[in-house]
Amino acid sequence: MRYTLAVLVENKPGVLARVAGLFARRGYNIDSLAVGITDNPEISRMTIVVRGDEKVIEQVIKQLNKLVDVIKISMLSESESVERSLALFKVSADSKTRPTIMQIVDIFRAKIIDVGSKSLIIEITGDEDKINAMERLLRSYGILEVCRTGKIAMNRGLKSVSYEK
Amino acid sequence: MNMDIMTGAEAVVESLRREGVEIVFGYPGGAVLPLYDVLYDSDIRHILVRHEQGAAHAADGYARATGKVGVCIATSGPGATNLVTGIATAYMDSVPIVALTGQVPRTLIGNDAFQEADICGITMPITKHNYLVKDEQELPRIMKEAFYIASTGRPGPVLIDLPKDVQTEELEFCYPEEVVMRGYKPRVKGNEQQIKRAALAILESERPVIYAGGGVIISNASEELRMLAEKIMAPVTASLMGTGAFPDEHPLSLGMLGMHGTRYANYAIQQSDLIIAIGTRFDDRATGKVDAFAPEAKIIHIDVDPAEIGKNVRVDIPIVGDCKQVLQSLLKYIDRACNSEVWLKRVEEWKREYPLTYTYSESVIKPQYVVEEIYRACKDAIIVTEVGQNQMWARQFFRYKDPRTFISSGGLGTMGYGFPASIGAKLGRPDKVVFDIAGDGSFLMNSQELATAVSNDVPVIVAILNNGYLGMVRQWQELFFCRRYSHTCLKGSVDFVKLAESYGALGLRAERPSEVRGVIEEALKANMPTVIDFICDPEENVMPMVPAGAAINEFVEVRNKSENKLLVGAVA
């Protein structure tokens, strides 16, 4: 099973190392991890995707909670939250293939952010399935480079992961 | 609030004073020169060790004996890395220590400067928390937080890395009165509903066993533990770390459980219908094969660390909170004993049938006999141990009655822990006689601290159960590796009497059983750092024994030593 955790942490040096080190030391598997600052500059938010059974995820949450720099942890359910990640694909493209690639980009509501004489860079935002689907389609044109972010996620509706004193 | 201008080093020492620190253990060096310069004029007593590992263990022994936070100091690089084993030892046994390390100046950090080591990175997985001080203005807050984190909730070591220039820069010193940390709020009070459920389960049970751990000692809950046991009439076993939480001589006591626990404790656990686990973490040395642990029992688990609950065994009634507070609440809901009369009779029979025992000899000293004689000579002593056979015999054959009188590296199993820890314990409890029950292997790992004991006049007694082997490893080789004693024989390498004398300590030796009592009395009378070399039976084994990975009622039975037949069987 894969679980998505939203983790509020102190925005201090070394915090990422503490979190990553904890996962390494206790043998937990991280599928992806994304960090960014929140509306409060003292607090960062990590979105961590963990693989494991229920017992493992319970331990992950408890062990994370023991880190002094971890402020709050919420588990996000797939149905009750929205998730996004971003990818950049550099694809070979010449005058012959460019129009069909641009059609694919349109269909996926992606963007072309760089055009060269023999290549394109495509930016796509979406959930994992969408990005994977696009990657599959682009493969036949020749993908030169891929760069993907970790997933970020947020609860739907009013329910929010925030720190109240 | 008074605001004073002072240097970083002065701020560190002033913070130590505010925290009530009377004694620190350390070893100077380049990167802590400013701090040592301030300590020179301070009324805080500094104990100069002879190896930084000794400083960490001494601070740890001091903390365990007194319940206060132990403090150790080392310089950057090798000084700091020498603390690592001691910090890991404290971490595994939840001991509050604050380690102060020097660091190269801020401008040099990351440059592989002389004596630079990333001690915060290195100690991240073995500290409760650590700090690299990058701004001297933050020193008072960090010092305050460090002591608070080390000593509250589940205690543990905290390291503060102090760049040399942070120690010399000036700051406005204002010591915070309160700690504000949004990410650290230990829960002390147990959930009332859960406590009620636990009380119900207790009153319904017929074969209850209380399984106490080090948490009972840490939270000073021994009195509450005794009240609970007597009120519900449940037998009490304890992990190694729980030694002293419940008096060994109490009729309800089962002694230690687990790999080298008593048979009756293990049988009781295995047949129990309710385990009340208090301040313990179900370590593999205590539980044996987890799937076969207490198969018929419901489990109540009380612990201050939520991460321990459900980590190793399934728990039916979890209660997160401080042992003392939870037990106090629990006692309110219990107005009668459980229906445990038949059960207690059965437990009593096991105790009669399978006592802890060994075969006394007139010709050769049995290590168990030495421990018994130490007990006879000084029942109130603090016993510190090294690791291995000496540790198990010290647990099995001394009768503990008070918390903080048995000090041992349980979780990490650090050889070389005992002697420096005994120095720390003695300095913390000068009113007590302190023995380090040692092996000839372990003692040599930190024997340089004899210089510390002698120069600071710390009269601890090291009782070496000298069998000429790394005894516990040899025992495993005998039982599981066809008596192939690969590199475990230490015989004839050191004259411990001369070693002691060369440091100015008293060295004594006993070679026959008839001499044992005499040398112990001589050591007690001398009241100075003393090493007693007890020449013991080289192939004595720690029994009973449950092999690693077996259920705790499956004991090793060595029927015929010469045939080397090993039998593992479940009884009762």
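Two strands count as paired if DSSP finds at least two bridges between them. Helices (H or I, at least four residues) and strands (E, at least two) are themselves DSSP runs, numbered from the N terminus.

## A parallel pair in chain B

Four bridges join β6(B) to strand β7 (residues 158-163) of chain B, and the two run parallel. In this pairing B:His129 stands opposite B:Val158 of β7(B). Together with helix α6 (residues 139-151) of chain B, β6(B) and β7(B) make a right-handed β-α-β unit; right-handed here means that, with the strands pointing away from the viewer, the path from the first strand over the helix to the second runs clockwise.

Strand β6 (residues 129-132) of chain B is covered on both faces. B:His129 and B:Tyr131 are buried on one side, and B:Asn130 and B:Leu132 are buried on the other. A residue is called buried if 20 or more other C-beta atoms lie within 10 Å of its own, exposed if 12 or fewer do, and partly exposed in between, with C-beta atoms placed from the backbone.

## About the model

This is a predicted model, in which local features need pLDDT of at least 70 and side-chain atom pairs count only at pLDDT 80 or more, while totals for chains, interfaces and linings use all residues. Residues are numbered from 1 along each chain as its sequence is written, and chains are lettered from A and ligands numbered from 1 in the order in which they are written.

An automatic or database domain assignment supplies the domain bounds. For chain B it gives domain 1 (4-173), domain 2 (192-353) and domain 3 (367-543). The C-alpha centres of domain 1 of chain B and domain 2 of chain B are 37 Å apart. Five residues of domain 1 of chain B are in contact with five residues of domain 2 of chain B, where contact means that the C-beta atoms of two residues, placed from the backbone, lie within 7 Å.

## Nonpolar cores

In soluble globular proteins, nonpolar side chains tend to be buried together. A nonpolar core is taken here as a set of buried Ala, Val, Leu, Ile, Met, Phe, Trp, Tyr and Cys residues joined through C-beta atoms within 7 Å. The largest such core has 181 residues, and B:Ile275 is one of those with the most contacts inside it. Leaving aside neighbours within four places in sequence, B:Ile275 is in contact with residues including B:Val209, B:Tyr211 and B:Ile300.

## Chain A

Chain A has four helices and nine strands, and its elements run β-α-β-β-α-β-β-α-β-β-α-β-β from the N terminus on. Its C-alpha atoms fill a box of roughly 55 × 35 × 30 Å along the principal axes. Of the 165 residues in chain A, buried residues make up 24%.

The assignment divides chain A into domain 1 (2-76) and domain 2 (82-152), whose centres, taken over C-alpha atoms, are separated by 30 Å. Six residues of domain 1 of chain A are in contact with five residues of domain 2 of chain A. On the domain 1 side of chain A, the largest share, three residues, comes from β2(A). A:Asn29 lies in this strand, β2 (residues 29-37) of chain A, and is exposed because it has 12 other C-beta atoms within 10 Å.

## Where the chains meet

The contact between the chains takes 16 residues from chain A and 14 residues from chain B. On the side of chain A that touches chain B, α1 (15-25), α2 (54-66) and β4 (70-76) of chain A give two or more residues each, and α2(A) gives the most, with five residues.
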